[in-house]
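User: I'm new to this one. Can you walk me through the charged pairs and the core?

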Amino acid sequence: MIASTAERKIIGSSLVKLQSEMLFEKGPPSKIVKSSARRHNSEVNRREFLVAGASAAALAGSAIQFAAAQTLARMPDAKRKTVIKPKYWAWVGINKNASSSDLKAMYAKYHQHGIEAIFLEGGIDEREFDIIREAGLELHSWMWTTNRGDAWIGEHHPDWYMVSRTGKSCHDHPPYVGYYKWISPVIPGVQNYLKERAEELASHPAISGVHLDYVRYPDVILPKGLWRKYGLDQTNEMPEYDFCYSEHTRRAFEAFCGRDPLEIKGPAHDQQWLHFRYDSVTQLVKQLADVVHRHHKPITAAVFPTPRMARKICRQDWDKWPLDAVCPMTYNSFYDEGVDWIGDCILENIHAVTFPVFAGLYMPDIGDDAAFKHTLELVHRQGGAGVSLFGGVSDAQWKVFENTIQGIKKE
């Protein structure tokens, strides 16, 4: 039986209590440790390992307004400064090797074709920040969250890394790929460390908001398209990819309910164990949101296509998070779906949350120009607040994008 709302609240409050009682060393001061997100500039790697799931069914309902408008109507005046209005985004990584003239040309092109805001990965880079602002674009810093390959963590706290059901740590046995270095959200030291990273970003005057990525557990199942590549059959959850069974997390769960998760015979269906992990991520996001909101800036997140899929595949309960907007990564090609599936996801999502929903599009696999135009119009019709583009955009796609969104904005 699925946990009731009351049970979920008990789990969440128990996590907070456990975190305040557990004695773990706090992460280092911000002045000592620099964010290592800049080491993760590969756009291809960032989205390579998304997880498959059942496609979202279309939900019946009346005409839907933009989620941003819904949020504004429900939010007190003091909070409205953090509301994100309908717009068009792009995910971009800091490029220290590019010349300033090349960066200026790139961002001018984004702005010219209708992109209004940038999610920028890689930490703080004053040169690129200035160029983005000069191009007339809004800047939100894109932060890797529970997937952290930081040298300081590896040196001082290898115990923070998640452990699979087979007993292998992400520290020296990362699942799937070498950069999958996941740290446990249950540990207060991890929470403090990530709050310091969020503080670094939110306090910067050039940054308009903080964007969370990899804010979850590792993918317990990969898309079917990758099964052959890695010689896997993940019809069911495999213990090698089921996390976290570290000593820290096991003790926390045992203190909560008196059970050791390693002794659970059916972990894929144990609601108490599943919700414990969902809520550990949710509690972390709440803490990060508090940090960002103290600076009167919005917090957003890149998440799996729908809450239902996210819970099943990576313990991500994102419709419970205190976000100002969300970007579901509706990369239809990763799920062997057509572009109409993107519309199904958006419709499901706007029924699940009150904050704006922006469809994340993977441009290399979006299809031909007609499919791209159809996708942009479909997201709008289904109630999406806009889209965020990831990956290379061809000149033909830019033309389609510009013409289509101009038509949408005239409606």
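User: How many salt bridges does a search of the whole structure find?

Analyst: The search finds 20 salt bridges. A salt bridge here is a side-chain nitrogen of Lys or Arg within 4 Å of a carboxyl oxygen of Asp or Glu. This is a predicted model: local features need pLDDT of at least 70, side-chain atom pairs count only at pLDDT 80 or more, and totals for chains, interfaces and linings use all residues. Residues are numbered from 1 along each chain as its sequence is written, and side-chain values use heavy atoms, with hydrogens and water left out.

User: What does Glu138 meet in a salt bridge?

Analyst: Lys87, at 2.9 Å from N to O. Glu138 sits in strand β3 (residues 138-144) and Lys87 in the loop between α3 (67-74) and β1 (89-93), so the pair ties together parts 51 residues apart in sequence. Helices (H or I, at least four residues) and strands (E, at least two) are DSSP runs, numbered from the N terminus.

User: Is Lys87 buried or exposed?

Analyst: Buried, with a relative accessible area of 11%. Glu138 is partly exposed at 28%. Buried means under 20% relative accessible area, exposed over 50%, and partly exposed in between (1.4 Å probe, protein chains only).

User: Which residue forms a salt bridge with Glu116?

Analyst: Lys409 does, with the closest N and O atoms 3.4 Å apart. Glu116 is in the loop between α4 (100-113) and β2 (117-121), and Lys409 is in helix α14 (residues 395-410), so this pair ties together parts 293 residues apart in sequence.

User: And what about Asp260, which residue does it pair with?

Analyst: Arg250, with the closest N and O atoms 2.7 Å apart. Asp260 lies in the loop between α9 (247-257) and α10 (271-293), while Arg250 is in helix α9, 10 residues apart. Asp260 is buried at 11% relative accessibility, and Arg250 is buried at 18%.

User: Which residues are linked in a network of salt bridges?

Analyst: Glu237, Asp242, Arg277 and Arg315 are linked that way.

User: Switching topic. How many residues are in the largest nonpolar core?

Analyst: It has 124 residues. Those with the most contacts inside it include Tyr107, Ile118 and Phe401. Helix α10 gives the most to this core, with 9 residues. A nonpolar core is a set of buried Ala, Val, Leu, Ile, Met, Phe, Trp, Tyr and Cys residues joined through side-chain atoms within 4.5 Å.

User: What does Ile118 touch?

Analyst: Among them are Trp89, Val92, Tyr107, Leu139 and Glu138, not counting residues up to four places away in sequence. Contact means heavy atoms within 4.5 Å.
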